[in-house]
Amino acid sequence: MSTAERPVYFDRTHTDDLIAYLAAAPSPYHAVAGAAERLEKAGFRQVAETDGWEGTAGGRYVIRGGALIAWYVPSSAQPHTPYRVVGTHTDSPNLRVKPVPDTGSAGWRQVAVEIYGGVPLNTWLDRDLGLSGRLVLRDGSTRLVQLDEPLLRVPQLAIHLDRQVNDGLKLDKQRHLTPIWGLGPVDEGGLMSYVAERAGVDAAELVGWDLMTHDVQPPSYLGRERELLAAPRLDNLLSVHAATAALAAAVTGGAADQLPYIPVLAAFDHEETGSESDTGAQGPLLGNVLDRSVYARGGSTEDRARALAGTVCLSSDMGHAVHPNYAERHEPGHHPVPNGGPILKVNVNNRYATDGVGRAVFAAACEKAGVPWQTFVSNNAMPCGTTIGPITAARLGITTVDCGIAALSMHSARELCGAQDPYLLASAIKAFLEG
């Protein structure tokens, strides 16, 4: 089907809300806070992991750092009722502030940063950068901070001093990626004093932080017909937003308490660095939540085993659209395009978890939602990325399907996708959660 023949499914309200969500979520901690705010409006309430949990019907969520797990128990649920899980992640590749951040050279004040995840380094050059993340105070409490202003910049070397730059840019990760943020001698303690003041906290009480840079250019529609969306952190906050919207919609309808499954949103941190943390998909967080939900409803170990045996996870993460300037790097028989609907991600070497059974579940959800869908497979000559899908499948022993949205410039400081696709993905996820 040609682009001109494709029906238009564009829900601008959904994409407008995605733009607002992205702008307010420059760090995983902000992404979790934004998702929690939307869930609260749908009737969910936060519970603490240290408290005893009730098995009564309703929506609940837990937050741990940059991760969030939310679930809704219908009044009809039994202890052995299976789950429908949507797995996503809240982190994106970027430059993160080092523990001793103040540095400088040749009369410039600079900030020491560490590269987080698989960053195309050149995309962070000559961009106006802000700072965001969380601050940890002496009493153990935390504060979110978001400085949406041009504070830092990684300047590229002028072409006059590197005449061969267009033959291949070589960046040293230690020497060439240090942002500038002013003039003068190294000001020890200067950065965190500034951040603390802007956050309204006493610098003397500040004992820890998890800070990162972000491009302050806001998300925007792009193209002649505004049919594209250019934004930072589409990988993978687009999926977090879609899953949050889908979960809220699935449980606010009149039939919410007759759902055949318990719908779950799992938004993990640290996917871009391997998921090996207490808030990553390799950790026990999701498994603990599912287990405790069974036991809170009076279930046994047998009920837990029955529930997981019938559970399906939809791992939603960004995928690759065909790049018009590098079409030879894509699988010639599988050409996902923007605004063509969600993509089913397949890899027989288990870099993605999709199998034939999972394909049927995904196809049924898209058919129920009335949205088109596509298939992504990597070119055999190119390495294939991976997701939380295989990790979740192996850790919990549950059927898992990998899906996502076709995009360009993945992991760039600014990525590009179809403006219709976020709504199409959310619609498919909602149908999946409803069974």
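How many aromatic pairs does the count come to? It comes to five. Keep in mind that this is a predicted model.

I will go through two of the pairs. Trp181 and Tyr194 sit edge-to-face, with 5.8 Å from centre to centre and 70° between the planes. Trp181 belongs to strand 9, residues 180–183, and Tyr194 to helix 3, residues 190–199, so the pair links parts of the chain that are 13 residues apart. Tyr194 is partly exposed, at 23% relative accessible area.

The other pair is Phe362 with Trp373. Their ring centres are 5.5 Å apart and the planes stand at 90°, so this pair is edge-to-face. Phe362 lies in helix 7, residues 356–369, while Trp373 lies in the loop between helix 7 and strand 17, eleven residues away. Phe362 counts as buried because its relative accessibility is 3%, under the 20% cut-off. Trp373 is partly exposed, with a relative accessible area of 28%.

Rings also take part in contacts with charges. The charged end of Arg12 sits over the ring of Tyr221, at 4.6 Å from the ring centre. Arg292 lies over the face of Trp53, and there the figure is 3.8 Å from the ring centre.

Now to strand 18, residues 399–404. Five of its six residues are buried, so the strand is mostly covered. Which strands pair with strand 18? Strand 14, residues 312–316, pairs with strand 18 in the parallel sense over five bridges, and Leu314 has Val401 as its bridge partner. Strand 16, residues 343–345, runs antiparallel to strand 18 and is joined to it by two bridges. Here the bridge partner of Ile343 is Gly404 in strand 18.

Definitions and conventions
Residues are numbered from 1 along each chain as its sequence is written. This is a predicted model: local features need pLDDT of at least 70, side-chain atom pairs count only at pLDDT 80 or more; totals for chains, interfaces and linings use all residues. Side-chain values use heavy atoms; hydrogens and water are left out. Buried means under 20% relative accessible area, exposed over 50%, partly exposed in between (1.4 Å probe, protein chains only). Helices (H or I, at least four residues) and strands (E, at least two) are DSSP runs, numbered from the N terminus. Two strands pair if DSSP finds at least two bridges between them. Rings of Phe, Tyr and Trp (its six-membered ring) pair if their centres lie within 6.5 Å; planes under 30 degrees apart count as stacked, over 60 as edge-to-face and the rest as tilted. A charge sits over a ring if NZ of Lys or CZ of Arg is within 6 Å of the ring centre and within 35 degrees of the ring normal.
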